[in-house]
Amino acid sequence: MQALYAQLLVGLINGSFYALLSLGLAVIFGMLNIINFAHGALYMMGAFTAYFLLNLFGIGYWWALLIAPIVVGIFGMILERTMLQWLAGLDHLYGLLLTFGIALIVQGVFQNYFGSSGLPYAIPDELKGGMNLGFMFLPIYRGWVVVFSLVVCLATWFLIEKTRLGAYLRAATENPTLVRAFGINVPRMITLTYGLGVGLAALAGVLSAPINQVRPLMGADLIIVVFAVVVIGGMGSIMGSIITGFALGVIEGLTKYFYPEASNTVVFVLMVLVLLIKPTGLTGRAA
Amino acid sequence: MKQQLSALLLGTALSFAAASGALAQDKTIKIGVLTDNSGLYSDLGGAGSTLAAQMAVEDSGLAAKGWKIDIISADHQNKPDIGTSMARQWIDVEKVDIFMDVLNSGVALAVNNVVKEKNAIMINTGAASSDLTNAQCSPNTIHWVYDTYMLANSTGQALVKAGGDTWYFLTADYAFGHALERDTAAVVTKSGGKVIGAVRHPLNTADFSSFLLQAQASKAKIIGMANAGGDTTNTIKQAAEFGIVAGGQKLAGLLLFITDVNSLGLKVAQGLNFTETFYWDLNDGTRAFSKRFSEKMKNKAMPSMVQAGVYSGLVHYFKALEAMGGNPHDGAKVVAKMKEMPTDDPLFGKGTIRVDGRKLHPAYLFEVKKPEESKGPWDYYKLIGTTPGDQAFRPLSESACPLVKK
Amino acid sequence: MSALTDDTLPASPRAMRDEMIVFVAMAVLLAIVPATGIYPFFVMQALCFALLACAFNLLIGFGGLLSFGHAMFLGSAGYFTAHAVKEWGVSPEIGIIIGTAGAAVLGVITGYVSIRRQGIYFSMITLALSQLLYFIYLQAPFTHGEDGIQGIPQGKMFWVLDLSKPTILYYVVLVGFLAGFLLIFRTINSPFGEVLKSIRENEQRAISLGYKTDQYKLMAFILSGTIAGFAGSLKVFVAQNASLTDVHWTMSGEIVLMTLVGGLGTIFGPVVGAFIIIAMQQYLAGFGQWVLVIQGVIFVACVLTFRRGLVGEIGHYFRRSL
């Protein structure tokens, strides 16, 4: 039983990453109607930015949490301005193909310069060590990841669902022409939204840097799992993608305990089940 | 044909030298270094393997004796498909006589078939699979540096002897991981230890915390990592986070290289135990070679055992050719000659090549130094045990190789 | 939103005639390859991928469904054929039938799941399904994990055709390719193909006309998967191995790329695209991972500047559908 609690908690940690990434995908999808295949690559760039900040400029983890999402977010906005915006009005699949190409380029370039085996990034001193919770030894850093990503997810939800800016965003999703008629610069809003979604991916990257090796392909396989998460949850609602992300992390964690052989397939199997029972996804509207 | 670029450079230089000597016999050799130039294992083999081959050619002095030696290299991208089509093309079109490195077991086993079918030679220094000299053995292949059986055997035996008598395995859930776990578990039990459990994790797992918690709860003295590459380094890194080594358990890597230690850093890797057959700082011979090697490397890296193996393998190959006097194109014949002659070179010392194609030499169990013990870059290992060559590898009595007469 | 391929030219008898001329020219060119001294293994590999890309194209170009998991058919059929030939010792033709049938069954199952959603969701679902299969194959003992199934005997097809002779193998692969290609060609120009195109253009209208569009889409998916599987089975005898590479998502991406470069929804585009990408991989092998970057750049360039692909642009210029 004790081991079970431990696995639940550990599952939440993975869930944090799923939630942050699928949230970013949902934000981008809502506004641009694009599935951002480059999300995994941008997540990786977040981790690498943290690495560079530390090793080139001596800027530590805490500043990296702020700076890396901004840097990668700006990179994302440049991508949106120079490439993605030309696809407006075309079939959505072109957006998928374009971002897939971008992902290949980014990952390939990093792989060429930094190899594949990965670079180390240490846990910040303030979060080193662990607590004995009785039923498990919880590294403090892991606890921090769960709490922090929960806060970020809720803040994003608040921003989009409860503020004026968010109201514009949602309105522009529904009817861009009308919103433009009110004198709101819709293209700029689209760019900023893409930057926000990408920034969330980069933030997840910084969070994961001390846990995993910083590797060029760290996002490549993860993104496919996140796609399945998105299919399960549906991208209709922000809260939906947050909850599905955490929930699937926990389910995966439990699988690792009860039947580890299936732990990397369980999300996909769940996806198939959901599709058979409720094709539109758990929270989604019809696509 | 970009892979010819290096060949052209070296080839022209050498052919000038060769042109002066009279060619009584066919004395042209083409060496193909087939490796991973840019992926997961590029630090392990890659450009370093090509460099090692060039050094072997230069040191052999064969050019002055009228031999013409070309080296070409290419990237198989860790895909068996690309490996086989590259191998076919190299033999058919480029007339390559000998394949070096060929790391990645999948690619190695695929190339092994092509090389046998077309009677070329492969000296494999990079692949782990012990099948190359077991069920899949071939009269055209020599497995030079290490294999999974040896790693399991040496690490398992030595650690049990040192008191690590209870084991828990963290195993990558596919054939390779299963084989490593099975072989190591057998050795542990035979040496008087006990295996108290195992957990299978999927390949390329980012998060090992669940598995590490289970390993921690088992209270085993040794946690054997039957996995490789990124999985192993992530396990080690996260084990440090969960305080596993600090809590008194020991991590044993069953397939780990000096390049992994370099990427992890001593702070995380300290205290790890694992086996290699070459370390640059073993003796004067290895130090002299490694110093020359590292000066020529782009990032000043010391040679890995895979790269050292390329050098050592070629040194022996050249000796056999000199003894034969020429006509290097009958692969099986050259390999037979190589098996007849005892091996001796500064990197791996004296050794032999067994009938199944297994090169025998001692296996060393290392422990990774603490950061404060290290005197400089690449000073990583303490030698804590040596298994003699004839005991380190799979005995012929257990072999399923058809070349072994029973 | 505009359709993925704006192939507005109607299928006319003239278009049909043009296509037949190009087809015959292609067949003749390919038939004389062994006499030219071009390295046949390269062409054989390219032919297998060309057929695969054509099968993929049937789905995207004529059904509007972008599958990001087509490698699962290639790899699965390859594994089935390889296992049957190597472990059960069946003859090559039986092996190919087993592999292709396996891919068809897989197509039924995955198609049933994935056509429940459209557009981007369909792509993500196929990708996830192929990743699921990738993990299953990685763990299943019969695939030998990362080592793959190696040293597959080529054997004698129909008791007489010795596949270990490169020239014979070449013609067997060529005949297989042409047969698969013709089947796709026939399908596109059949009433079934016309309904598919109408679904691609406007699914709602097709539904209101009384077509059960889901059934049509499922049929197209199964057919595409089966032909892709057939290509995978043929490839086993060329490469003599079956490995995880063929089920990995990067392979699915390459299939998409081949078709995109040649021209989505064109008949000959995927063939041209496959030859270009395979040639690129062969000749740029020395660049290692830069190959991936180059592929990415081609992806981006294609999407941004010539969405019709090579053949599509040529056809557009001459106002012919190719």
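Strands β11(B) and β12 of chain B, the latter spanning residues 349-353, pair in the antiparallel sense. Three bridges join them. This is a predicted model. The predictor gives the complex an ipTM of 0.89 and a pTM of 0.86.

**The sheet in chain B**

- β11 and β12 belong to an open sheet of three strands in chain B, with the order β11-β12-β13. The pairing in this sheet is antiparallel.
- Why is one side of β11 and of β13 left without a neighbour in the sheet? Both strands of chain B, β11 (343-345) and β13 (359-360), stand at the edges and have a single partner strand each, so one side of each stays without a neighbour.
- One residue pair can be named: B:Asp344 has B:Lys350, in β12(B), as its bridge partner.

**Where chain B touches chain C**

- How many residues of chain B are in contact with chain C? There are 32, and they meet 26 residues of chain C.
- On the chain B side, the elements giving two or more residues are β2 (68-75), α3 (80-94), α4 (105-117) and α6 (175-190).
- α3(B) supplies the largest share of that side, with nine residues.
- By class, the side of chain B that touches chain C has 14 nonpolar, twelve polar and six charged residues.

**Confidence in chain C**

- Chain C has a mean pLDDT of 89. A pLDDT of 70 or more is reached by 95% of its residues.

Terms used:
Residues are numbered from 1 along each chain as its sequence is written. Chains are lettered from A and ligands numbered from 1 in the order in which they are written. This is a predicted model: local features need pLDDT of at least 70, side-chain atom pairs count only at pLDDT 80 or more; totals for chains, interfaces and linings use all residues. Two strands pair if DSSP finds at least two bridges between them. Helices (H or I, at least four residues) and strands (E, at least two) are DSSP runs, numbered from the N terminus. pLDDT is the predictor's confidence in each residue, from 0 to 100. Two residues are in contact if their C-beta atoms, placed from the backbone, lie within 7 Å. Ala, Val, Leu, Ile, Met, Phe, Trp, Tyr, Cys and Pro count as nonpolar, Asp, Glu, Lys and Arg as charged, and the others, Gly among them, as polar.
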